[in-house]
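I opened the notebook to go through one chain, part by part. The entries below follow the order in which I looked things up.

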Amino acid sequence: MDQSKAPVLDALAEYHEKGQTPFTPPGHKQGKGADPRVLAVLGDAVFRADVLAVSGLDDRTSSRGVLEEAQALMAEAVGADHAFFSTCGSSLSVKSAMLSVAGPHEKLLVGRDAHKSVVSGLILSGIEPAWVDPQWDAERHLAHPPTAEAFEAAFADHPDARGALVTTPTPYGTCSDLAAIAEVCHRRGRPLIVDEAWGAHLPFHPGLPTWAMDAGADVCVTSVHKMGSGLEQSSVFHLQGELVRPEVLRSREDLLGTTSPNVLMYAALDGWRRQMVEHGEALYDHALALARKTRERVSGIDGVHVNDRDDFCGPGRAADMDPLQIIIDISAWEITGYRAADWLRAHHRINLHIADHRRISAQLTHADDAGTAEALVAALTELSERQTELSNHRTDLSDRRTELRSGRPVEIPPPSRLRLDQVMLPRDAFFGRTEQVPWEKADGRIAAEMLTPYPPGIPAAVPGERLNGDVLRYLRTGVEAGMVVPDAVDTAVTSVRVVRDT
Ligand SMILES: Cc1ncc(COP(=O)(O)O)c(C=O)c1O
């Protein structure tokens, strides 16, 4: 195919050239009806490009196949048999993928480090999860994706599982041995779904971790807005092989997706694919070199440790890591990652990706340059100096340093206590009879809601799991220290939604 084409962008340009007059949504009619104060912030171009996909970008019957051609170009570019664009994020794509492999009351093997959107998929579908333990790094309090051996053992315990789902890279950038997991699945004729939300860039440079399609996965889901140049919410899911039928995957997406997809997102996806085919390797040569240098410079700052391959990769840990995710361990300091992230935003206008009880992380992409890297290093250097002052002058704290004082420490349970037993189907626990109880009384009760520290968005508790005091204390002390648990009914986690006993 001619990868220099960008069918969605071309059709949009033609729509404007031809001076089409819409008597259809969107009601703003290419911005003419938008409030000037809105236009002043968003710009005319956003509204001009916001046209209806059908009877707008393409004709009433989509006879020109604009979207189909753009998707086929994407599939060819990344070596998949089919690619599907979605405007509802990987949150929707991953559910479509799950539903194309298993149905209500059927089993799916799922790495327990899955994102909350996967758990939402379990709740909505009634799929029974057979959880596969990630690899816990008990020293660093961090999980890496499960191994192929763990999936092998899970299939032995659940031979009726319809397939498997693994998340890689994790939001911390660590990757599983996907080829080995695919082999375990395919030996049983079962498909492998990869939640590669953090890996949309992987196909475009040989120095990045292996791309799921190259490793033999059947379906893989990417969020192009995360590491690529997609607009927020844009996602592409890819399919290859015979184990999942394209018409089934498409029908599952149709079940969940919007009937009003945003053409802006399609256009950005289309342009991103062309940009990557033409310039991806050079852009990631540059990004990887910048990441190398930035990692070195941040490592030189007092009191911080940048996690590298020695920390994250090897037996019992991850198979690979994405160096563009710069994970910065600040446990030598007296503050949590939450405090550090807030301070960096307040004082340096630096916004970080993950903040947890002992880490902060900075995501670099092909869009970063020496200037943004310098801003990060300068901000972290000042934070390190403030932190040293804080340690040296405990009694004489200026306001600026007071903000950095740590609150109560977060009580982190050992891995064995973090893994709760799934005693009920997530769907039944979520939709059944529930009650709200004080957190101290939730020990031993069955969770009826997700409790998810965000980011990274991996639920500490899933509906249907039996809560224990350690996980509850982790969440409570976490919230006190700055953790955000947005999906809980009571986001302060002073009370918890549980299944009613009677
Ligand atoms: C591993 C993983 N999967 C899926 C998602 C959902 O992606 P989206 O935000 O594109 O809906 C996320 C979001 O952070 C994620 O981290």
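**Entry 1, the model.** I am working from a predicted model.

I looked up the domain assignment first. It gives domain 1 as 59–269, domain 2 as 276–405 and domain 3 as 415–499. I then took domain 2 and domain 3 as a pair. Their centres, taken over C-alpha atoms, are separated by 30 Å. Five residues from domain 2 and six residues from domain 3 make the contact. I noted about 450 Å² of area buried between domain 2 and domain 3, with 62% of it given by carbon and sulfur atoms. I also looked for salt bridges between domain 2 and domain 3, and the count is zero.

I asked how many of the 10 residues of helix H6 (residues 116–125) are buried. The number is nine, so I have H6 down as mostly covered, taking buried as under 20% relative accessible area. The buried residues of H6 include Val118, Val119, Leu122 and Ile123, and Lys116 is also one of them. The cover over these buried residues includes helix H5 (89–99), strand S2 (107–111), strand S3 (128–132), strand S6 (164–167), strand S8 (192–195) and helix H17 (426–431). After H6 comes Gly126, and I noted its positive phi, near 80°.

On the surface I found a nonpolar patch formed by Val38, Val41, Leu42 and Val46, which together have about 330 Å² of accessible area. Helix H2 (residues 36–42) supplies the largest share of this patch, three residues. Val46 sits in helix H3 (residues 44–48). I asked why Val46 counts as partly exposed. Asp44 is exposed, at a relative accessible area of 51%. I checked Asp44 against Ala34: they are 10 residues apart along the chain, and their C-alpha atoms are separated by 9.3 Å.

I located Ala138 in the loop between strand S4 (135–137) and strand S5 (142–144). Ala138 is partly exposed, with a relative accessible area of 46%. Ala138 and Ile412 are 274 residues apart along the chain, and 10.0 Å separate their C-alpha atoms.

My search of the whole structure found 28 salt bridges. One joins Arg64 to Glu14, with the closest N and O atoms 3.0 Å apart. This pair links distant parts of the chain, since Arg64 is in the loop between H3 and helix H4 (66–78) and Glu14 is in helix H1 (residues 7–17), 50 residues apart. Arg64 is partly exposed at 44% relative accessible area, and Glu14 is partly exposed at 24%.

Asp35 and Arg37 form another salt bridge, 2.7 Å from N to O. Asp35 is partly exposed at 30%, while Arg37 is exposed at 66%.

I also noted Arg445 with Asp501, at 3.6 Å from N to O. Arg445 lies in the loop between strand S15 (434–438) and helix H18 (469–481), and Asp501 lies in the segment after strand S16 (495–499), 56 residues apart. Which of the two is buried and which exposed? Arg445 is buried at 13% relative accessibility, and Asp501 is exposed at 65%.

Last, I recorded a network of salt bridges that links Glu152, Glu183, Arg187 and Arg188.

Terms used:
Residues numbered from 1 in each chain as written. Predicted model: local features only at pLDDT ≥ 70, side-chain atom pairs only at ≥ 80, totals over all residues. Heavy atoms only, no water. Patch = residues over 30% accessible without salt bridge, like charges linked within 9 Å, V, L, I, M, F, W, Y side chains within 5 Å. Areas by Shrake-Rupley, 256 points an atom, 1.4 Å probe, with all protein chains shown as cover. Salt bridge = Lys/Arg side-chain N within 4 Å of Asp/Glu carboxyl O. Helix = DSSP H or I, 4+ residues; strand = E, 2+ residues; numbered from the N terminus. Buried < 20%, exposed > 50% of the residue type's maximum accessible area, 1.4 Å probe, protein only. Domains from an automatic or database assignment. Contact = heavy atoms within 4.5 Å. Buried area = accessible area lost by both parts, 1.4 Å probe.
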